[in-house]
Each structure stands twice: as C-alpha cells, then as structure tokens.
Amino acid sequence: MIGLLHVAALVGATLIVVRGPLFRPIQRLWPALFQCSQCAGFWVGAAAGASGVVPVGHGRAVDALVVGAGASF
C-alpha cells in the first residue's frame, strides 16, 4: 500500500513538472521531455527508483526501471 502511495506521489510530481509554471523555462529548453507526461513520468520515476526513494527490492537499476514504468502514465 505504501508503494502505491509513493507511485501516486510520483505521478503528482510528474504533473507538477509537466504543467507547473515554475518549470516553464526548462520546458522551453527541452520541450520533448518536459511537455510530455509519459516521458517526464518515466524519468521522475527512474530517478526516484535509482535514488532509493521508492525501493522495490531488486537493486537500484531494476528499481529505476520498474518505478519509472509505473510512474509514466
């Protein structure tokens, strides 16, 4: 249940990155990544999995792929 809550928080973080006015200057620099919810969601999830914020229990590289895939919607 906690893992699901973490993934929901990562989806919210993705929406903030993609649609938030704070990130508009970054969105102009690289629009292909920061204006696509699925692309940004994967990288937000991959960063969270690789850093150990959302551990799945299979090592950092696999955690990054699993959480990245789960956070991209």
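The conversation below sets the labels against their definitions.

Modeller: This is a predicted model, in which local features need pLDDT of at least 70 and side-chain atom pairs count only at pLDDT 80 or more, while totals for chains, interfaces and linings use all residues. Residues are numbered from 1 along each chain as its sequence is written, and side-chain values use heavy atoms, with hydrogens and water left out.

Biologist: How do you know that the span of α4 agrees with its 15 residues?

Modeller: Helices are DSSP runs of H or I with at least four residues, numbered from the N terminus, and α4 covers residues 37-51. The expected span is 1.5 Å times one less than the number of residues; for the 15 residues of α4 that gives 21 Å, and because the end C-alpha atoms are 21 Å apart, the two agree. Just after α4, Gly52 takes a positive phi of about 90°.

Biologist: Why is Ser37 called buried, and which residues does Ser37 touch?

Modeller: Buried means under 20% relative accessible area, exposed means over 50%, and partly exposed lies in between, with a 1.4 Å probe and protein chains only. Ser37 has a relative accessible area of 15%, so Ser37 is buried. Ser37 lies in helix α4, and, leaving aside residues up to four places away in sequence, Ser37 touches Thr14, Val18, Arg19 and Phe73, where contact means heavy atoms within 4.5 Å. Other buried residues of α4 include Ala40, Gly41 and Val44, and the cover over the buried residues of α4 includes α1, α3 and α5.

Biologist: What makes the crossing of α4 and α5 right-handed?

Modeller: A crossing is right-handed if the near helix is turned clockwise from the far one by less than a right angle, and left-handed if anticlockwise; α4 passes α5 in the right-handed manner. Their axes come within 7 Å and cross at roughly 145°, the axes being lines fitted to C-alpha atoms over the stretch in contact, with angles from 0 to 180 degrees between N-to-C directions. Among the residues that meet are Gly45 and Gly49 in α4 and Val67 and Gly68 in α5.

Biologist: And how is α1 placed against α5?

Modeller: The axes of α1 (residues 2-19) and α5 (residues 60-71) come within 9 Å and cross at roughly 65°. The contact is made by Val7, Leu10, Val11 and Thr14 of α1 and by Val67, Gly70 and Ala71 of α5.

Biologist: Why does Val67 count as buried?

Modeller: Val67, in helix α5, has 4% relative accessibility and therefore counts as buried. Val67 touches Leu10, Gly45, Gly49, Val54 and Val56, not counting residues up to four places away in sequence. Val67 and Val7 are 60 residues apart in sequence and 7.4 Å apart in space, C-alpha to C-alpha.

Biologist: What makes Phe42 and Trp43 an edge-to-face pair?

Modeller: Rings of Phe, Tyr and Trp (its six-membered ring) pair if their centres lie within 6.5 Å, and planes under 30 degrees apart count as stacked, over 60 as edge-to-face and the rest as tilted. The search of the whole structure finds one aromatic pair: Phe42 and Trp43 are 5.0 Å centre to centre with 80° between the planes, and the pair is edge-to-face. Phe42 counts as partly exposed because its relative accessibility is 25%, whereas Trp43, at 53%, counts as exposed.

Definitions and conventions
Helix = DSSP H or I, 4+ residues; strand = E, 2+ residues; numbered from the N terminus.
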